[in-house]
Amino acid sequence: MSDQQQSLADLQHIKQMMERSSRFISLSGFSGIAAGICALIGAWFANRKISCWTKGDCTLDGLIDQGGVQLLNDLMWIATLTFVAAFISATLFTYLRSKKNGLPLWGSATSRLFWNTLIPIAIGGIFIIRMMQLGQFELVAPACLIFYGLALVNGSKYTLGEIRYLGYGQLALGIMSLWFTGYGLYFWGMGFGILHIIYGFLMWYKHERNN
Amino acid sequence: MNPIRDLNKMFDSRIRLGIMSALMVNASVNFNELKELLDITDGNLASHLKTLEESETIKVQKGFIGRKTNTTYSVTKAGEKAFKAHLAALEQMIKSTK
């Protein structure tokens, strides 16, 4: 090997080691697809619940007028189950990929990614719960999308950089949905369902297709 | 100017180069994380870390997590300077042979 080739190989090795030690790169595209499918199933159940309660009227105002405590309860259950299912399936595929790459699932890179995405999500969660306590249901979907988008943009520094674009997508949808109150669930489904699936597929195509 | 002269012998080894790369982008990294990252044996890693430590390129902090020892490593000011000079020399090598 010539000196030049040797230097290039050394630089590539340095770059790779820097990446591997500072970013969590085992995030699987299948995780995105799985989370997206869970979100769509959840949104479908939620939509069916809302429609049958409001008889075709999908705005959440109708629900409050009817004193829909039971409906709200059901929706909270759907949301919780959707989140748990999405989290478990997303973790599973990422776990499988990290095993295949021979990288630890939990290390300093993962913990940095975890904390940096958790903070905006947890704050968003508290904000949304308080909003619902005050009876402000119109902005629940936009708030979900916006806080999640911010979490992704923040976390993108600690994992595959492309997740930033998924974050921008969620933010754009979140902002748009601020002006389309009453259609929150559709925007929510677009963001958490469709965007996740598209992102997951692109990530799989780019990083995992060949191995 | 001969760029080879500026290449640091300390970073000839792939393993030491890997250790330095990881330490440059992290405030500190512990022994087990380095071991998993580089995929080498305890003894091998320990000997390379010793070499880097003796040349004051890296520093060692010994601590505990519960009752288990947790040894973390970080790069020294001198080590950071040496590594940056080594990177610049590598870059120079590539440019000069073009």
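Predicted model: local features only at pLDDT ≥ 70, side-chain atom pairs only at ≥ 80, totals over all residues.
Residues are numbered from 1 along each chain as its sequence is written, chains are lettered from A in the order in which they are written, and side-chain values use heavy atoms, with hydrogens and water left out.

**Chain A**
- Chain A has 8 helices and 0 strands, with helices (H or I, at least four residues) and strands (E, at least two) taken as DSSP runs numbered from the N terminus.
- The C-alpha trace of chain A spans about 80 × 25 × 25 Å along its principal axes.
- Of the 211 residues in chain A, 43% are buried (under 20% relative accessible area, 1.4 Å probe, protein chains only).

**The A–B interface**
- On the chain A side 19 residues are in contact with 20 residues of chain B, contact being heavy atoms within 4.5 Å.
- Together the two chains bury about 1800 Å², 64% of it on carbon and sulfur atoms; that's the accessible area (1.4 Å probe) lost on being put together, summed over both parts.
- The rule finds 1 salt bridge across the interface of chain A and chain B (a side-chain nitrogen of Lys or Arg within 4 Å of a carboxyl oxygen of Asp or Glu).
- B:R14 and A:D10 form a salt bridge through their side chains, at 3.1 Å, N to O.
- Two or more residues each come from α1 (3-22) and α5 (108-133) of chain A on the side that touches chain B, and α1(A) gives the largest share, 15 residues.

Note on methods:
Buried < 20%, exposed > 50% of the residue type's maximum accessible area, 1.4 Å probe, protein only.
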